[in-house]
Amino acid sequence: MTEDEGVDEELLTIGAFAARARLSAKALRLYDRLGLLVPAHVDASSGYRYYHGSQIERARLVALLRELDMPLARVAEVVEAVEVNGADAADRLAAYWAAVETRVAGRRTLAEYLRGRLSGRSSEMYGKFEVETVDVPGHVVITETRHTLADELPAWIGASLTRLLAAAGECGGVTAAPFVVYHAEVSMESDGPAEACVPVADEAAARAWAEARGRAWETKVRVEPAQRLACTRITKAQVAHPQILAAFGAVEQWIAERGLEQAGPCREVYFADWDASGPEDPVCDVAFPVR
């Protein structure tokens, strides 16, 4: 007997089911292994898989979701939600697709940025940014350090600065705008590290806080020296990767053109209330220490 013979009238062989669901038998076996579409019956002696006709709709849904390049784990969440609440399943799909569109928009912007660089239009792009130098005093900072890739960076910055700002009350209070220092490249291939920093008033209290905190969040206290920064101010919309790359490029070019020397790692200084700011509101200074 073959896998397509000797079936109960209420069941379909994997071949017949695959034809009706417009899927391959190979795909059905994969969905079975992953628990996405389990056969209604498996013959104990032959191992042949049989499906109910009522499973066709689920099979087609799985296939359509996969055509959206949805990861199998997310597919499982959506198809399981369908059994409970169709509206919830639709919301899960909408959330996934919104994330896809965000990624595509970011890549489109990056492609435009790279096209400008490759075509020799860097000066035109960088000319949109006004760069100046500012002298900043030294201060004590409490910090968190993490190795992170670019896609996880925004969430980590928000979470780490929130934790540090909350802790600043135990360290004499905040004395200047929080900032993030990049000690090495952060991209989709390079993970930094990045260091979130909040200036505080009381060094002794800060060191006591860091000691009590332990190593759970890679927390440290250090003294940031007085220095001169070359910086450009950007909006909330421009903070998003890869738009922010143009701002860093503009400052680097400005430094080189004036014969200055970079004197430390680059940074982002967040001087505005992020949640209360709109897309076109200035929120951040992209800066390099110079001498």
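Which residues touch the most other members of the largest nonpolar core? The views below start there. This is a predicted model: local features need pLDDT of at least 70, side-chain atom pairs count only at pLDDT 80 or more, and totals for chains, interfaces and linings use all residues. Residues are numbered from 1 along each chain as its sequence is written, and side-chain values use heavy atoms, leaving out hydrogens and water.

**View 1. The largest nonpolar core holds 44 residues.** Ile142, Ile157, Tyr182, Val200 and Ile234 touch the most other members. Helix 10 (residues 243–257) gives the most to this core, 8 residues. A nonpolar core is a set of buried Ala, Val, Leu, Ile, Met, Phe, Trp, Tyr and Cys residues joined through side-chain atoms within 4.5 Å. Buried means under 20% relative accessible area, exposed over 50%, and partly exposed in between (1.4 Å probe, protein chains only). Helices (H or I, at least four residues) and strands (E, at least two) are DSSP runs, numbered from the N terminus.

**View 2. Helix 8 (residues 203–213) has buried residues.** Ala205, Ala206, Trp209 and Ala210 are buried. They lie on the same side of helix 8, because they cover an arc of only 135° around the axis; the arc is that of the directions from the helix axis to the C-beta atoms. On the other side, Ala204, Glu211 and Ala212 are exposed.

**View 3. Cys231 is in no disulfide.** A disulfide is a pair of cysteine sulfur atoms within 2.5 Å. The sulfur of Cys284 is 9.9 Å from that of Cys231, too far for a bond. Cys231 is buried, at 7% relative accessible area.
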